[in-house]
Amino acid sequence: MKFSAFFTLLCFFISGSIQAQQVWENDGVSITQLDTLEEGYEALRGDFIIENTSIYEVMNLILNVDGYDWVEGESTSKMHVVSEADSSFTFDFFVNIPWLFVKKTGRVKVDVQFEDGMLFTKSTQIKDYDRDEDYDLVDFYSAQWKLKQIDKQHVKVTYLGVYQDVKSVVNINRMIIKRIRKRLNGTFQNLREIASNKQRPANALVWPENSARGVLVKGNE
């Protein structure tokens, strides 16, 4: 994908101004298929409210990559390195879909930023690294989160995922997008359940401790 097209999409995502192609509503979760991208890519945006929580409570769950029990789908994630000093973390993901003969992996650096009262992430794919040879490197990865505190007790969550088309089988993309949409809806519902109705929601980010695959880089005290 041309960088300019994706950069424009990211700016629209932050501002909340993107043209919709199709919208699905399910129990408080809205998922929108966008028509902003060029041919060969699909974008899905999720929007929902988590009640009685904080942006930090929700972002801490997103930071805890090794605890992604609430994320549905045929993938696993493993933290590689955490850097509190520059507010970022890097993780590996592995996708195994036997019925499509798909075994993909990727490494992503995620920057966490605070701006205008919102927490949001910016992901950057890393392609030059030693990876599990049983998995093919994914061609493209992009997933962004935006968290905004509303009414001082609820959080508006917006998610944007960009997916590259599978060109090997005719008409399979519609099936895959439907499958991804259902997995996203389940993931968002799980996140709402575990992050809502907190008597004392977190008021600061909690960076994960170092794992067997990486280290925690502390910021200056």
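This is a predicted model: local features need pLDDT of at least 70, side-chain atom pairs count only at pLDDT 80 or more; totals for chains, interfaces and linings use all residues.
**Entry 1, overall search.** I searched the whole structure for salt bridges and found six. I then looked up several of them by residue.

I found the side chains of Asp 47 and Lys 156 joined in a salt bridge, with an N to O distance of 3.8 Å. Asp 47 belongs to strand 3 (residues 41–50) and Lys 156 to strand 10 (residues 154–164), so this pair ties together parts that are 109 residues apart in sequence. I looked up the accessibility of both partners: Asp 47 counts as buried because its relative accessibility is 14%, whereas Lys 156, at 32%, counts as partly exposed.

I noted a salt bridge between Glu 74 and Arg 183, whose closest N and O atoms are 3.6 Å apart. Glu 74 sits in the loop between helix 2 (55–63) and strand 4 (75–83), while Arg 183 sits in helix 3 (residues 172–195), so the pair ties together parts that are 109 residues apart in sequence. I recorded Glu 74 as partly exposed at 24% relative accessibility, and Arg 183 as partly exposed with a relative accessible area of 29%.

I found a salt bridge between Asp 92 and Arg 107, with the closest N and O atoms 2.6 Å apart. The pair links strand 5 (residues 88–97), which holds Asp 92, to strand 6 (residues 102–115), which holds Arg 107, the two residues being 15 apart. I noted that Asp 92 and Arg 107 are both buried.

Methods
Residues are numbered from 1 along each chain as its sequence is written. Side-chain values use heavy atoms; hydrogens and water are left out. A salt bridge is a side-chain nitrogen of Lys or Arg within 4 Å of a carboxyl oxygen of Asp or Glu. Helices (H or I, at least four residues) and strands (E, at least two) are DSSP runs, numbered from the N terminus. Buried means under 20% relative accessible area, exposed over 50%, partly exposed in between (1.4 Å probe, protein chains only).
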